[in-house]
Amino acid sequence: MNRKLTRFVCLSAFATLFLPSIASSAADDMLVRTIHHLLAYVEASNCVFIRNGKEHDSKEAAKHIRTKYDSFMISIKTPEEFIEKAASKSIISSQLYWVQCADHSPIPTAEWLTQELSNYRKAYPDSTFAK
């Protein structure tokens, strides 16, 4: 094989093998950063979270959501799936999680976090993981 063809074959092989994983890695990194942002948002909110009829402070809520996330991490591919699987409702009772903050009446936690996800994406419009 001539030198140019050898170089082309090597570069093609590199691109085929490694570039998809680099792109995937960037998306995975952005997913993790987005989820960590949402967890920090819950924890710092000082809102009351209602789960199965009981009130929990923001630190307890973040800990609970983080535990659920750890359980479902392998199946979560988007921030929306994180909200749906870890932060929206009880697995046992199927009751929605609610959040009560000083500036609004109780709303479903999924709705509240989806709004924050939208705000976060607006703040980072050219991020790798935009929907």
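These legends describe close-up views of one predicted model.

Figure 1. The chain contains 4 helices and 4 strands. Followed along the sequence, these elements run in the pattern α-β-β-α-α-β-β-α. The chain has 131 residues, and 29% of them count as buried. Among contacts with a separation of 6 or more, 49% are made by residues 24 or more positions apart.

**Figure 2. The disulfide between Cys47 and Cys101**. The count for this model is 1 disulfide. The sulfur atoms of Cys47 and Cys101 are 1.9 Å apart, and a pair counts as a disulfide when its sulfur atoms lie within 2.5 Å. The angle about the S-S bond is 105°, and the link is right-handed. Cys47 sits in the loop between helix H1 (3-44) and strand S1 (48-51), while Cys101 sits in the loop between strand S3 (98-100) and strand S4 (107-108), so the link ties together parts that are 54 residues apart in sequence. Both Cys47 and Cys101 are buried.

**Figure 3. Helices H2 and H3 where they cross**. H2 covers residues 58-72 and H3 covers residues 79-86. Their axes come within 9 Å and cross at roughly 115°. That angle makes H2 roughly perpendicular to H3, because the range that counts as roughly perpendicular is 65 to 115 degrees. On the H2 side the contact is made by Ile65, Lys68, Tyr69 and Phe72. On the H3 side it is made by Phe82, Lys85 and Ala86. The crossing of H2 and H3 is right-handed.

**Figure 4. Helices H3 and H4 where they cross**. The axes of H3 and H4 come within 10 Å, with a crossing angle of roughly 160°. H3 is therefore roughly antiparallel to H4, a term used for angles over 145 degrees. The crossing of H3 and H4 is right-handed. From H3, the residues in contact are Pro79, Glu80 and Ile83. They meet Ala110, Leu113, Thr114, Leu117 and Arg121 of H4.

**Figure 5. Helix H4, its length and its buried residues**. H4 is made of 15 residues, 109-123. At 1.5 Å a residue the helix should span 21 Å, and its end C-alpha atoms are 21 Å apart, so the two values agree. The buried residues of H4 are Thr109, Trp112, Leu113, Glu116, Leu117, Tyr120 and Arg121. An α-helix has 3.6 residues a turn, so residues three or four places apart point the same way. Leu113, Leu117 and Arg121 are buried and also meet residues of H3.

Technical notes
Residues are numbered from 1 along each chain as its sequence is written. This is a predicted model: local features need pLDDT of at least 70, side-chain atom pairs count only at pLDDT 80 or more; totals for chains, interfaces and linings use all residues. Side-chain values use heavy atoms; hydrogens and water are left out. Helices (H or I, at least four residues) and strands (E, at least two) are DSSP runs, numbered from the N terminus. The expected span of a helix is 1.5 Å times one less than its number of residues. Buried means under 20% relative accessible area, exposed over 50%, partly exposed in between (1.4 Å probe, protein chains only). Axes are lines fitted to C-alpha atoms, for helices over the stretch in contact, and angles run from 0 to 180 degrees between N-to-C directions. Angles under 35 degrees count as roughly parallel, over 145 as roughly antiparallel, 65 to 115 as roughly perpendicular and the rest as oblique. A crossing is left-handed if the near helix is turned anticlockwise from the far one by less than a right angle, and right-handed if clockwise. Contact means heavy atoms within 4.5 Å.
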